Amino acid sequence: MAEQELKDISIIGGGPTGLFAAFYAGMRAASARIIDALPALGGQLMALYPEKYIFDVAGFPKILAKDLVRDMAAQGLQFGATTHLGEIVTGLRKVEDEGAGHFVLETDPYGNFLLQGYELGTARDWLRLGLLYLQDGTWDGQRLLPEGWSNFVRTPAPAWSQPVYGGMFWLNRTRAWPLPEDAYYMAGSGGQYTFIVPTHDLVVVRLGHYKGEALGTQALTNALALLLRAVPQARAPWQPDEAAR
Ligand SMILES: Cc1cc2nc3c(=O)[nH]c(=O)nc-3n(C[C@H](O)[C@H](O)[C@H](O)COP(=O)(O)OP(=O)(O)OC[C@H]3O[C@@H](n4cnc5c(N)ncnc54)[C@H](O)[C@@H]3O)c2cc1C
């Protein structure tokens, strides 16, 4: 990216969300730039359906997607946000300087389009990851994760009103699954799961696709209940430290 000027806010993506973010940055007197991989602002509206009418935007009985983008760009850029089109953000690099340091968004003109976060792994890979947590972050006697990390991830996060989430892991404390309350898990799209069940020294991986997710989830629920009956309990459920909650 040619421009190296420091901005308060760098917005990745010039779709409706990015354009409105630029507008709000300006409202709050923050400088902003928008970076988008596409050659035009507007995200999906311009890339996929510029000539389609949209009916669910407040204040417009109907409006063509390209016209909405035109007006959103006028609104979003009115405070001077700059745009960088045809630039793909592929990384974030911390640069130390004499102050607090700053970040550089790394772009690559050749590919590696980052859309959402995703991890691709085989069932065995997910199983290994689950085992790593089951073994308190150790593998073959070697500590790979910091001491206490696996307890941190399975401690209910205080910001959630229900104890359903820990530190990047979902928790079974509301008994969403027929597993002990201290089971915790990774959940991916399409009903893909890796469950860590410390009471039974068990890790369960389920891979699948969106198609058939509902039936797959039902089958998984049944399978988990059967597994718990088949595998003997090894230890009592773990309880988080009251002070950490
Ligand atoms: C066919 C179709 C019809 C639709 N009809 C309607 C409708 O009638 N009403 C309605 O409300 N919604 C509709 N939608 C949904 C609507 O288009 C989306 O909700 C909307 O576009 C989301 O806006 P966004 O800014 O969050 O993301 P997007 O529009 O997806 O924009 C994200 C932008 O980020 C850029 N980007 C992503 N990663 C990077 C990166 N690493 N580096 C640089 N750039 C990056 C992309 O190039 C993209 O331009 C429709 C969607 C489709 C596909």
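Which residue in S11 is the bridge partner of tryptophan 170? In this predicted model, that partner is tyrosine 185, and the pair belongs to the contact between S10 and strand S11 (residues 184–188), which run antiparallel to one another and are joined over two bridges. Both strands are part of an open sheet of four strands, arranged in the order S10-S11-S12-S13 with antiparallel pairing. The edges of this sheet are formed by strand S10 (170–171) and strand S13 (202–206), each of which pairs on one side only. Helix H4, spanning residues 123–134, lies across strand S12 (192–197) and S13, and its direction makes an angle of about 150° with that of S13.

A parallel arrangement is found between strand S1 (residues 9–12) and S2, which are joined by four bridges; within this pairing, isoleucine 11 has isoleucine 34 of S2 as its bridge partner. Together with H1, these two strands make up a β-α-β unit, and the unit is right-handed.

The ligand is surrounded by 22 residues, of which the closest are Gly13, Gly15, Thr17, Gly43 and Gln44. By residue class, the shell comprises 13 nonpolar residues, seven polar residues and two charged residues.

Technical notes. Residues are numbered from 1 along each chain as its sequence is written. This is a predicted model: local features need pLDDT of at least 70, side-chain atom pairs count only at pLDDT 80 or more; totals for chains, interfaces and linings use all residues. A residue is near a molecule or strand if its C-beta atom, placed from the backbone, lies within 6 Å of it. Ala, Val, Leu, Ile, Met, Phe, Trp, Tyr, Cys and Pro count as nonpolar, Asp, Glu, Lys and Arg as charged, and the others, Gly among them, as polar. Two strands pair if DSSP finds at least two bridges between them. A crossover is right-handed if, with the strands pointing away from the viewer, the path from the first strand over the helix to the second runs clockwise. Two residues are in contact if their C-beta atoms, placed from the backbone, lie within 7 Å. Axes are lines fitted to C-alpha atoms, for helices over the stretch in contact, and angles run from 0 to 180 degrees between N-to-C directions.
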